[in-house]
Amino acid sequence: MKTIKIGADFSETPVGRFPSDGPFSGERFREEFLKPALNENNKVIVIIDDAEGYGSSFLNEAFGGLVQKRYFTVADLKKKLEIVCVDKNYQIYHDLIWKHINEARPE
């Protein structure tokens with residue numbers, strides 16, 4: 001099992017879809033943190049309430065991109081990925097992550 005705290009392990013200010021949007025983009029998080037963790041572990045817990053907030057483009061690229069790029073299926077992610085937020089103000093991001101995953105279509 002692997003735990004990733006986005007704010008502590010990646011950035012307190014994750015933003016953008018692509019690296020051209022800045023150093024803390026959704027693509028970079030997916031490729032350098034999330035995908036390797038999912039490949040190497042049966043369970044990955046991502047703690048989301050230690051960052052300042054999230055844009056939809058970051059969440060879509062980071063999480064929906066796992067399905068879009070054919071790295072994992074939605075069923076795989078439902079088994080392997082747990083999104084955690086203690087602060088109920090972050091529940092909207094939790095729900096948005098799963099919306100992006102569930103609505104993603106492989107390229």
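Figure 1. Of the contacts (heavy atoms within 4.5 Å) in the protein with a separation of 6 or more, 73% are between residues 24 or more positions apart. This is a predicted model, in which local features need pLDDT of at least 70 and side-chain atom pairs pLDDT 80 or more, while totals for chains, interfaces and linings use all residues. Residues are numbered from 1 along each chain as its sequence is written, and side-chain values use heavy atoms, leaving out hydrogens and water. Of the 107 residues, 47% count as buried; here buried means under 20% relative accessible area, exposed over 50%, and partly exposed in between (1.4 Å probe, protein chains only).

**Figure 2. Helix H2 and its bend.** Helix H2 covers residues 26-40, and its end C-alpha atoms lie 20 Å apart, in agreement with the 21 Å that its 15 residues should span at 1.5 Å a residue (the expected span is 1.5 Å times one less than the number of residues). At Leu34 the helix bends by about 35 degrees, with Pro36 following within four residues; the bend is the angle between axes fitted to the seven residues ending there and the seven starting there.

**Figure 3. What covers H2.** Look here for the buried residues of H2: Gly26, Phe29, Arg30, Leu34, Ala37 and Leu38. Their cover includes strands E1 (2-5), E2 (44-47) and E3 (81-84), along with helices H1 (6-10), H3 (56-68) and H4 (74-80).

Figure 4. Glu32 and Arg28 form a salt bridge with their closest N and O atoms 3.0 Å apart, a salt bridge being a side-chain nitrogen of Lys or Arg within 4 Å of a carboxyl oxygen of Asp or Glu. Both residues sit in H2, 4 residues apart, about one turn of the helix. Glu32 is partly exposed at 47% relative accessibility, and Arg28 is partly exposed at 26%.

**Figure 5. Glu61 and its arginine partners.** The side chains of Glu61 and Arg30 meet in a salt bridge at 2.7 Å, N to O. Salt bridges with shared partners join Arg17, Arg30, Glu31 and Glu61 into one network. In the pair of Arg17 and Glu61, the closest N and O atoms are 3.2 Å apart. Arg30 is buried at 2% relative accessibility, as is Glu61 at 6%, whereas Arg17 is partly exposed at 25%.

Note on methods:
Helix = DSSP H or I, 4+ residues; strand = E, 2+ residues; numbered from the N terminus.
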